[in-house]
Amino acid sequence: MNEMEKIRVALIGGFYGTGKTTTIIQMGKKLSGEGKRVAVITNDKGVINVDGEVIKSLGFEAEDITGGCICFYLDRVSEVVDTITKKFIPDIMFIEPVAYFLPSKLYEDLGRELGEKLEVAPITILIDGPQLLHYSQHGTELPYIESRQIEDAEVVVINKIDLVPPDKIPFIEKMVREINPRARLMTMSAKTGMGLNELLDVVLHGRHEVFPTVTMTVVKSFARSVTEIGWRGEQYTITSERALSESDVKNFLRDLLRGIGEKVIGAGGEVNHIKAFIGNEGFFLKASLVRLGQEVDFVGDIKSLSSGRIVINAIGRGLPDDFLYNLIIKTLQEVAPRYKVKFKEK
Ligand SMILES: Nc1nc2c(ncn2[C@@H]2O[C@H](COP(=O)(O)OP(=O)(O)O)[C@@H](O)[C@H]2O)c(=O)[nH]1
Ligand SMILES: [Mg+2]
């Protein structure tokens, strides 16, 4: 590589559960399959996080940056980029920024501080199609963080289109257009792969235009909204008396996530994303719950399990972190005995 050549970086942004990790995995697999070299940086609040585990389990060259939004840690991004490029020069580096990031601020700072090193793809924001349709049908205004991210976007991707009846798509588009009339709008299903190529084209070849400076007022309102979001990550080793079958493991995780979710609601909070990762000897399963009304969704496979490691993240609006910890542990204490599972702090 020419020394002056920049590393192409695509940030896949969006609120909790909109499908960022799924999208990065799908694009990463596709590009790797074509012989391209891919690296992934995941960014989240705490060190114990499910997505980092999943990305690494899939064999991607990956680094985690934890401790909150990389907006405030660009020196770490620079270090991590150096760590990766010492191993190989990626054709593309994906970054999943923390779900509550403020795009205009991050891109502006990235350009100023790392512009010599990195070439960034357009500001890409994923939104949850069914969730927006729900807002639109109930006349609910979008929460500030989501709305601000759409406003900042150059590309808005309406994801989970497999769950939206085609005749309802215009309602979602209208809602986005009212917030941001100029962004490029795309529809996608990271799950089925529909629309993924169009996003890949943006990621690989799109041009990021520099935006007007973000104001302090916006940063302040944003910060206020972020403090409403509770986030907690816990990990345990688990053992079970008899080997659990794949469906046992799924039922266990389903009960666990729904149990936590119900307690979040019961305490007056709102579910943003509750997820768990179980891994042993090269196999893993990720379970995910974005809204109580939805099914728990699984990625990966585990044929049987007698011992392993479980990582749990509970993210919810309106509840403090330590309260979420309490809900995680209480639910685990209720659910584990049903499956004859014992757990121990790691
Ligand atoms: N039906 C459907 N589910 C999806 C799609 N994309 C992601 N999901 C699911 O939505 C949940 C959250 O996805 P994830 O990638 O973890 O979201 P993130 O929090 O933005 O990284 C998971 O259960 C995914 O399997 C999609 O296009 N369609
Ligand atoms: Mg994620």
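**Contacts, ligand sites and a disulfide in a predicted model**

Leucine 253 touches Ala276, Ile278, Leu285, Ala287, Phe298 and Ile310, leaving aside residues up to four places away in sequence; contact means heavy atoms within 4.5 Å. The model is predicted, so local features need pLDDT of at least 70 and side-chain atom pairs count only at pLDDT 80 or more, while totals for chains, interfaces and linings use all residues. Residues are numbered from 1 along each chain as its sequence is written, chains are lettered from A and ligands numbered from 1 in the order in which they are written, and side-chain values use heavy atoms, without hydrogens or water.

Leucine 253 lies in helix α10 (residues 246–266). Helices (H or I, at least four residues) and strands (E, at least two) are DSSP runs, numbered from the N terminus. The relative accessible area of leucine 253 is 0%, so the residue is buried. Buried means under 20% relative accessible area, exposed over 50%, and partly exposed in between (1.4 Å probe, protein chains only). Leucine 285 stands 32 residues from leucine 253 along the chain, and their C-alpha atoms are 9.4 Å apart.

Ligand 1 is surrounded by 21 residues, each with a heavy atom within 4 Å of it. The closest are Thr21, Thr22, Asp162, Lys286 and Asp297. A side-chain N or O atom of threonine 22 is 2.5 Å from an oxygen atom of ligand 1. For lysine 191, a backbone N or O atom lies 3.2 Å from a ligand 1 oxygen. Serine 288 places a polar side-chain atom 3.3 Å from an oxygen atom of ligand 1. Taken alone, ligand 1 exposes 580 Å², and the protein buries 95% of that. These areas come from the Shrake-Rupley method with a 1.4 Å probe.

Ligand 2 is a magnesium ion, coordinated by Thr21 (OG1), Asp51 (OD) and Glu96 (OE) at 1.9 to 2.2 Å. Donors are N, O and S atoms within 2.8 Å of the metal (3.2 Å for Na, K and Ca); water is not among the atoms, so sites may look incomplete. Threonine 21 in helix α1 (residues 20–33) and glutamate 96 in strand β4 (residues 92–96) are 75 residues apart, and the pair links distant parts of the chain. Both threonine 21 and glutamate 96 are buried.

The whole structure holds 1 disulfide, a pair of cysteine sulfur atoms within 2.5 Å. Cysteine 69 and cysteine 71 form it, with sulfur atoms 2.1 Å apart. The S-S torsion is about 55°, so this disulfide is right-handed. Cysteine 69 is buried at 3% relative accessibility, and cysteine 71 is buried at 8%.

Key:
Polar contact = N/O pair within 3.5 Å; in protein donor to acceptor, adjacent residues only side chain to side chain.
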